[in-house]
Amino acid sequence: MQKVGFVGIGLMGRQITRRLIMAGFPLTIWNRTKERAQEILDAGAAWAETPAACARAAEVVITMVTDSAASEKVICGSGGVLEGAHPGMILIDMGSIAPEMSRSIAAQAKAKGVPMLDAPVTGNPKVASEGKLGIMAAGPRAIYDACLPVFQAIGVKIIHVGEENGMGTTLKLINNLVMGVAIEAAAEALVLAEKAGIDPVKVIEITSVGGARTGAMETRGMRMITHDFSPHFSADNMYKDLSSALNLAEKVGVCLPAASIAREMLRAVKIQGNGAMDSASVVTVIERLADTVVKARK
Ligand SMILES: NC(=O)c1ccc[n+]([C@@H]2O[C@H](COP(=O)([O-])OP(=O)(O)OC[C@H]3O[C@@H](n4cnc5c(N)ncnc54)[C@H](OP(=O)(O)O)[C@@H]3O)[C@@H](O)[C@H]2O)c1
(Lines give C-alpha, C1' and ligand atoms only; values in the text may rest on other atoms or scores of the structure.)
Protein backbone atom coordinates (compact mmCIF):
# COMPACT_ATOMS: atom_id res chain seq x y z
CA MET A 1 0.00 0.00 0.00
CA GLN A 2 1.13 3.55 -0.67
CA LYS A 3 2.93 5.29 2.16
CA VAL A 4 0.79 8.31 3.06
CA GLY A 5 1.84 11.57 4.71
CA PHE A 6 -0.84 13.80 6.24
CA VAL A 7 -0.39 17.43 7.19
CA GLY A 8 -3.14 19.07 9.27
CA ILE A 9 -4.77 17.05 12.03
CA GLY A 10 -7.79 19.31 12.56
CA LEU A 11 -11.45 18.30 12.89
CA MET A 12 -11.40 16.71 9.43
CA GLY A 13 -7.81 15.51 9.35
CA ARG A 14 -8.28 13.63 12.61
CA GLN A 15 -11.13 11.54 11.20
CA ILE A 16 -9.59 11.02 7.76
CA THR A 17 -6.30 9.81 9.22
CA ARG A 18 -8.22 7.37 11.44
CA ARG A 19 -9.81 5.89 8.33
CA LEU A 20 -6.45 5.67 6.55
CA ILE A 21 -4.95 3.80 9.50
CA MET A 22 -7.97 1.46 9.60
CA ALA A 23 -7.52 0.79 5.88
CA GLY A 24 -3.90 -0.21 6.50
CA PHE A 25 -2.00 2.70 4.91
CA PRO A 26 1.37 3.31 6.59
CA LEU A 27 0.89 6.87 7.84
CA THR A 28 3.20 9.71 8.84
CA ILE A 29 1.66 12.94 10.14
CA TRP A 30 2.49 16.52 11.01
CA ASN A 31 0.35 19.11 12.75
CA ARG A 32 1.26 22.65 13.80
CA THR A 33 0.12 21.86 17.34
CA LYS A 34 1.51 18.43 18.13
CA GLU A 35 -0.75 17.76 21.15
CA ARG A 36 -3.84 17.89 18.91
CA ALA A 37 -2.41 15.02 16.88
CA GLN A 38 -1.69 12.80 19.89
CA GLU A 39 -4.70 10.52 19.45
CA ILE A 40 -3.66 9.76 15.86
CA LEU A 41 -0.10 9.03 17.00
CA ASP A 42 -1.59 6.73 19.63
CA ALA A 43 -3.63 5.07 16.87
CA GLY A 44 -0.43 4.11 15.05
CA ALA A 45 0.78 7.04 12.93
CA ALA A 46 4.43 8.11 12.90
CA TRP A 47 5.34 11.72 13.70
CA ALA A 48 7.33 14.00 11.37
CA GLU A 49 9.03 17.13 12.73
CA THR A 50 8.14 19.23 9.66
CA PRO A 51 5.85 18.99 6.62
CA ALA A 52 9.05 18.42 4.59
CA ALA A 53 9.98 15.42 6.75
CA CYS A 54 6.43 14.16 6.39
CA ALA A 55 6.80 14.34 2.60
CA ARG A 56 10.13 12.52 2.64
CA ALA A 57 8.46 9.62 4.45
CA ALA A 58 5.56 9.33 2.00
CA GLU A 59 4.58 8.57 -1.58
CA VAL A 60 1.25 10.40 -1.35
CA VAL A 61 1.23 13.56 0.76
CA ILE A 62 -2.14 14.99 1.78
CA THR A 63 -2.51 18.49 3.18
CA MET A 64 -5.71 19.62 4.87
CA VAL A 65 -5.36 22.90 6.69
CA THR A 66 -7.67 25.86 7.18
CA ASP A 67 -7.36 28.18 4.22
CA SER A 68 -5.29 29.38 1.27
CA ALA A 69 -2.60 31.02 3.40
CA ALA A 70 -2.21 27.93 5.57
CA SER A 71 -2.03 25.57 2.56
CA GLU A 72 0.58 27.75 0.88
CA LYS A 73 2.61 27.88 4.08
CA VAL A 74 2.67 24.14 4.81
CA ILE A 75 3.31 23.24 1.16
CA CYS A 76 5.49 26.01 -0.29
CA GLY A 77 6.87 27.69 2.84
CA SER A 78 10.08 27.07 4.73
CA GLY A 79 10.13 23.46 5.92
CA GLY A 80 7.07 22.85 3.75
CA VAL A 81 6.04 19.75 1.84
CA LEU A 82 7.86 20.78 -1.34
CA GLU A 83 11.18 20.90 0.50
CA GLY A 84 10.70 17.16 0.92
CA ALA A 85 9.93 16.59 -2.78
CA HIS A 86 11.32 13.36 -4.20
CA PRO A 87 10.77 11.34 -7.38
CA GLY A 88 7.41 9.59 -7.49
CA MET A 89 5.84 11.77 -4.82
CA ILE A 90 2.25 12.99 -5.31
CA LEU A 91 0.70 15.94 -3.49
CA ILE A 92 -3.02 16.10 -2.72
CA ASP A 93 -4.36 19.30 -1.18
CA MET A 94 -7.76 18.60 0.39
CA GLY A 95 -8.33 22.03 1.92
CA SER A 96 -11.19 24.20 0.72
CA ILE A 97 -9.02 26.99 -0.62
CA ALA A 98 -9.28 29.63 -3.33
CA PRO A 99 -8.96 28.10 -6.82
CA GLU A 100 -6.25 30.59 -7.79
CA MET A 101 -4.20 29.38 -4.80
CA SER A 102 -4.68 25.77 -5.92
CA ARG A 103 -3.31 26.73 -9.33
CA SER A 104 -0.38 28.61 -7.80
CA ILE A 105 0.51 25.68 -5.52
CA ALA A 106 0.19 23.22 -8.41
CA ALA A 107 2.60 25.32 -10.50
CA GLN A 108 5.13 25.50 -7.66
CA ALA A 109 4.80 21.74 -7.10
CA LYS A 110 5.23 21.03 -10.81
CA ALA A 111 8.44 23.08 -10.81
CA LYS A 112 9.76 20.63 -8.21
CA GLY A 113 8.61 17.64 -10.27
CA VAL A 114 5.62 16.93 -8.01
CA PRO A 115 2.20 16.38 -9.60
CA MET A 116 -0.66 17.78 -7.56
CA LEU A 117 -4.39 17.22 -7.18
CA ASP A 118 -6.65 19.78 -5.57
CA ALA A 119 -9.18 17.46 -3.96
CA PRO A 120 -11.46 19.18 -1.46
CA VAL A 121 -14.22 17.21 0.20
CA THR A 122 -17.88 17.44 1.14
CA GLY A 123 -19.11 16.11 4.45
CA ASN A 124 -18.21 16.86 8.04
CA PRO A 125 -16.14 15.17 10.75
CA LYS A 126 -18.86 12.56 11.40
CA VAL A 127 -19.19 11.74 7.70
CA ALA A 128 -15.39 11.56 7.52
CA SER A 129 -15.30 9.17 10.48
CA GLU A 130 -17.64 6.87 8.53
CA GLY A 131 -15.47 7.05 5.39
CA LYS A 132 -18.32 8.57 3.42
CA LEU A 133 -16.86 11.83 2.13
CA GLY A 134 -17.51 13.31 -1.28
CA ILE A 135 -14.22 14.05 -3.03
CA MET A 136 -13.82 16.32 -6.07
CA ALA A 137 -10.33 16.06 -7.50
CA ALA A 138 -8.70 18.03 -10.29
CA GLY A 139 -5.35 17.43 -11.91
CA PRO A 140 -3.77 14.89 -14.26
CA ARG A 141 -6.05 11.86 -14.79
CA ALA A 142 -3.22 9.36 -14.33
CA ILE A 143 -2.39 10.92 -10.95
CA TYR A 144 -6.06 10.79 -9.97
CA ASP A 145 -6.15 7.10 -10.93
CA ALA A 146 -3.03 6.42 -8.85
CA CYS A 147 -4.67 8.05 -5.81
CA LEU A 148 -7.97 6.18 -6.06
CA PRO A 149 -7.05 3.59 -3.39
CA VAL A 150 -6.51 6.44 -0.91
CA PHE A 151 -9.72 8.21 -1.96
CA GLN A 152 -11.72 4.99 -1.73
CA ALA A 153 -10.60 4.52 1.88
CA ILE A 154 -12.17 7.82 2.92
CA GLY A 155 -14.94 8.63 0.45
CA VAL A 156 -17.96 7.21 -1.33
CA LYS A 157 -18.57 9.80 -4.05
CA ILE A 158 -15.32 10.43 -5.87
CA ILE A 159 -15.30 12.72 -8.89
CA HIS A 160 -12.53 13.68 -11.30
CA VAL A 161 -13.57 17.24 -12.12
CA GLY A 162 -10.96 17.78 -14.82
CA GLU A 163 -7.28 17.90 -15.67
CA GLU A 164 -6.90 21.56 -14.81
CA ASN A 165 -5.88 22.33 -11.23
CA GLY A 166 -8.29 24.65 -9.42
CA MET A 167 -11.40 22.96 -10.79
CA GLY A 168 -11.75 20.82 -7.65
CA THR A 169 -11.65 23.84 -5.36
CA THR A 170 -13.99 25.68 -7.75
CA LEU A 171 -16.59 22.90 -7.51
CA LYS A 172 -16.18 22.93 -3.72
CA LEU A 173 -17.05 26.64 -3.60
CA ILE A 174 -20.18 25.92 -5.64
CA ASN A 175 -21.12 23.10 -3.27
CA ASN A 176 -20.61 25.30 -0.22
CA LEU A 177 -22.64 28.10 -1.72
CA VAL A 178 -25.62 25.73 -1.57
CA MET A 179 -24.78 24.73 2.02
CA GLY A 180 -24.18 28.29 3.23
CA VAL A 181 -27.45 29.56 1.81
CA ALA A 182 -29.33 26.51 3.12
CA ILE A 183 -28.00 27.05 6.66
CA GLU A 184 -29.17 30.67 6.51
CA ALA A 185 -32.60 29.51 5.26
CA ALA A 186 -32.86 26.88 8.00
CA ALA A 187 -32.04 29.47 10.66
CA GLU A 188 -34.58 31.95 9.28
CA ALA A 189 -37.28 29.26 9.19
CA LEU A 190 -36.71 28.24 12.80
CA VAL A 191 -36.81 31.82 14.07
CA LEU A 192 -39.95 32.56 12.05
CA ALA A 193 -41.65 29.46 13.48
CA GLU A 194 -40.67 30.47 16.99
CA LYS A 195 -42.21 33.93 16.65
CA ALA A 196 -45.29 32.57 14.90
CA GLY A 197 -45.95 30.29 17.89
CA ILE A 198 -44.97 26.99 16.25
CA ASP A 199 -42.59 24.57 17.94
CA PRO A 200 -39.42 24.84 15.79
CA VAL A 201 -38.90 21.09 16.17
CA LYS A 202 -41.98 20.68 13.98
CA VAL A 203 -40.16 22.60 11.21
CA ILE A 204 -37.42 19.99 11.30
CA GLU A 205 -40.01 17.21 11.25
CA ILE A 206 -42.07 18.52 8.35
CA THR A 207 -39.13 19.56 6.18
CA SER A 208 -37.60 16.10 6.55
CA VAL A 209 -40.01 14.96 3.85
CA GLY A 210 -40.95 16.76 0.66
CA GLY A 211 -39.25 19.40 -1.42
CA ALA A 212 -38.08 21.59 1.49
CA ARG A 213 -35.77 18.85 2.73
CA THR A 214 -32.18 20.05 3.19
CA GLY A 215 -29.00 18.61 4.64
CA ALA A 216 -28.59 21.92 6.45
CA MET A 217 -31.81 21.44 8.42
CA GLU A 218 -31.06 17.76 8.97
CA THR A 219 -27.56 18.30 10.31
CA ARG A 220 -28.01 21.65 12.04
CA GLY A 221 -31.70 22.25 12.78
CA MET A 222 -31.72 20.59 16.20
CA ARG A 223 -28.36 22.07 17.09
CA MET A 224 -29.76 25.53 16.33
CA ILE A 225 -32.70 24.85 18.64
CA THR A 226 -30.49 23.56 21.47
CA HIS A 227 -27.82 26.20 20.79
CA ASP A 228 -25.17 23.52 20.44
CA PHE A 229 -22.60 25.34 18.36
CA SER A 230 -19.62 23.06 18.91
CA PRO A 231 -17.79 23.38 15.60
CA HIS A 232 -18.37 20.85 12.85
CA PHE A 233 -17.81 23.48 10.17
CA SER A 234 -17.02 26.85 11.64
CA ALA A 235 -18.63 30.16 10.75
CA ASP A 236 -15.12 31.40 9.93
CA ASN A 237 -14.66 28.60 7.39
CA MET A 238 -18.09 29.10 5.81
CA TYR A 239 -17.46 32.86 5.59
CA LYS A 240 -14.17 32.11 3.83
CA ASP A 241 -15.85 29.81 1.30
CA LEU A 242 -18.74 32.17 0.52
CA SER A 243 -16.25 35.02 0.11
CA SER A 244 -14.30 32.91 -2.38
CA ALA A 245 -17.52 32.04 -4.24
CA LEU A 246 -18.36 35.75 -4.47
CA ASN A 247 -14.86 36.50 -5.77
CA LEU A 248 -15.30 33.82 -8.42
CA ALA A 249 -18.72 35.20 -9.33
CA GLU A 250 -17.25 38.65 -9.80
CA LYS A 251 -14.51 37.22 -12.01
CA VAL A 252 -16.82 35.23 -14.27
CA GLY A 253 -19.71 37.73 -14.20
CA VAL A 254 -22.50 36.20 -12.13
CA CYS A 255 -24.73 37.85 -9.49
CA LEU A 256 -25.10 35.82 -6.27
CA PRO A 257 -27.67 37.72 -4.17
CA ALA A 258 -28.52 34.88 -1.77
CA ALA A 259 -24.88 33.95 -1.21
CA SER A 260 -24.07 37.63 -0.52
CA ILE A 261 -26.68 37.81 2.23
CA ALA A 262 -25.59 34.50 3.75
CA ARG A 263 -21.99 35.77 3.79
CA GLU A 264 -22.99 39.05 5.46
CA MET A 265 -24.88 37.19 8.18
CA LEU A 266 -21.76 35.13 8.85
CA ARG A 267 -19.81 38.38 9.06
CA ALA A 268 -22.17 39.37 11.89
CA VAL A 269 -21.43 36.04 13.62
CA LYS A 270 -17.72 36.84 13.39
CA ILE A 271 -18.17 40.43 14.61
CA GLN A 272 -20.06 39.10 17.62
CA GLY A 273 -17.03 36.97 18.46
CA ASN A 274 -18.46 33.60 17.45
CA GLY A 275 -16.51 32.86 14.26
CA ALA A 276 -14.92 29.73 15.71
CA MET A 277 -18.35 28.29 16.50
CA ASP A 278 -20.27 26.17 14.04
CA SER A 279 -21.86 28.03 11.12
CA ALA A 280 -25.25 27.06 12.67
CA SER A 281 -24.59 29.93 15.11
CA VAL A 282 -25.92 32.27 12.42
CA VAL A 283 -29.28 31.55 14.08
CA THR A 284 -28.20 33.73 17.02
CA VAL A 285 -27.89 36.76 14.72
CA ILE A 286 -31.40 36.20 13.34
CA GLU A 287 -32.70 35.67 16.88
CA ARG A 288 -31.29 39.05 17.91
CA LEU A 289 -32.86 40.77 14.92
CA ALA A 290 -36.21 39.21 15.87
CA ASP A 291 -35.72 39.69 19.63
CA THR A 292 -36.43 36.05 20.35
CA VAL A 293 -34.70 32.75 21.10
CA VAL A 294 -35.71 29.50 19.41
CA LYS A 295 -36.54 26.67 21.81
CA ALA A 296 -38.30 23.36 21.72
CA ARG A 297 -41.75 23.26 23.36
CA LYS A 298 -42.29 20.71 26.12
N1 LIG B 1 -15.17 20.71 9.16
C2 LIG B 1 -15.89 20.40 8.09
O3 LIG B 1 -17.07 20.00 8.20
C4 LIG B 1 -15.27 20.49 6.72
C5 LIG B 1 -15.92 19.86 5.66
C6 LIG B 1 -15.36 19.91 4.39
C7 LIG B 1 -14.19 20.61 4.18
N8 LIG B 1 -13.58 21.25 5.22
C9 LIG B 1 -12.33 22.00 4.93
O10 LIG B 1 -11.23 21.25 5.43
C11 LIG B 1 -10.19 22.13 5.86
C12 LIG B 1 -9.88 21.82 7.33
O13 LIG B 1 -11.06 22.03 8.07
P14 LIG B 1 -11.22 21.56 9.58
O15 LIG B 1 -12.68 21.64 9.89
O16 LIG B 1 -10.47 20.31 9.83
O17 LIG B 1 -10.49 22.79 10.31
P18 LIG B 1 -9.85 22.88 11.75
O19 LIG B 1 -10.43 21.87 12.68
O20 LIG B 1 -9.92 24.32 12.13
O21 LIG B 1 -8.32 22.46 11.52
C22 LIG B 1 -7.47 23.29 10.82
C23 LIG B 1 -6.12 22.62 10.66
O24 LIG B 1 -5.25 23.51 9.96
C25 LIG B 1 -4.09 23.74 10.75
N26 LIG B 1 -3.61 25.09 10.48
C27 LIG B 1 -4.34 26.22 10.43
N28 LIG B 1 -3.56 27.28 10.11
C29 LIG B 1 -2.31 26.79 9.95
C30 LIG B 1 -1.07 27.38 9.61
N31 LIG B 1 -0.94 28.68 9.37
N32 LIG B 1 0.01 26.57 9.53
C33 LIG B 1 -0.08 25.25 9.77
N34 LIG B 1 -1.25 24.62 10.09
C35 LIG B 1 -2.34 25.40 10.18
C36 LIG B 1 -4.54 23.52 12.17
O37 LIG B 1 -3.45 23.28 13.02
P38 LIG B 1 -3.57 23.49 14.62
O39 LIG B 1 -4.14 22.21 15.17
O40 LIG B 1 -2.20 23.77 15.07
O41 LIG B 1 -4.49 24.67 14.84
C42 LIG B 1 -5.42 22.30 11.99
O43 LIG B 1 -4.67 21.14 11.83
C44 LIG B 1 -10.71 23.55 5.62
O45 LIG B 1 -10.22 24.01 4.40
C46 LIG B 1 -12.21 23.36 5.59
O47 LIG B 1 -12.85 24.38 4.85
C48 LIG B 1 -14.07 21.18 6.50
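Into which domains is the protein chain divided? The answer is domain 1, covering 4-164, and domain 2, covering 170-290. Keep in mind as you browse these views that this is a predicted model.

**View 1. The whole chain, from end to end.** Count up the secondary structure of the protein chain and you get 13 helices and nine strands. The radius of gyration is 20 Å, close to the 19 Å that the globule rule gives for 298 residues, so the chain is as compact as a globular protein of that length. If you wanted to box up its C-alpha atoms along the principal axes, you'd need roughly 65 × 45 × 35 Å.

**View 2. Two domains, side by side.** Going by C-alpha atoms, the centres of domain 1 and domain 2 sit 28 Å apart. Where they touch, domain 1 puts in 13 residues and domain 2 puts in twelve.

**View 3. What gets hidden between the domains.** The size of an interface is often given as the accessible area lost when the parts come together. Here, domain 1 and domain 2 bury about 1100 Å² between them. Carbon and sulfur atoms account for 61% of that buried area. On the domain 1 side, look for Ser96, Pro99 and Met136: they lose the most area to domain 2, together 34% of what that side buries.

**View 4. Who holds hands across the interface.** How many salt bridges are there between domain 1 and domain 2? The count is zero. What you can find across this interface is three residue pairs in polar contact. On the side of domain 1 that touches domain 2, the elements giving two or more residues are α5 (99-111) and β7 (121-122). Sort the residues of that side by type and you get eight nonpolar, three polar and two charged.

View 5. Side chains of opposite charge can pair when their charged atoms come close. Search the whole structure and you'll turn up twelve salt bridges.

Methods:
Residues are numbered from 1 along each chain as its sequence is written. This is a predicted model: local features need pLDDT of at least 70, side-chain atom pairs count only at pLDDT 80 or more; totals for chains, interfaces and linings use all residues. Side-chain values use heavy atoms; hydrogens and water are left out. Domain bounds come from an automatic or database domain assignment. Contact means heavy atoms within 4.5 Å. Buried area is the accessible area (1.4 Å probe) that two parts lose on being put together, summed over both. A salt bridge is a side-chain nitrogen of Lys or Arg within 4 Å of a carboxyl oxygen of Asp or Glu. A polar contact is a pair of N or O atoms within 3.5 Å; within protein, one must be able to donate a hydrogen and the other to accept it, and residues adjacent in sequence count only if both atoms are side-chain atoms. Helices (H or I, at least four residues) and strands (E, at least two) are DSSP runs, numbered from the N terminus. Ala, Val, Leu, Ile, Met, Phe, Trp, Tyr, Cys and Pro count as nonpolar, Asp, Glu, Lys and Arg as charged, and the others, Gly among them, as polar. The radius of gyration is taken over C-alpha atoms; the globule rule is 2.2 Å times the number of residues to the power 0.38.
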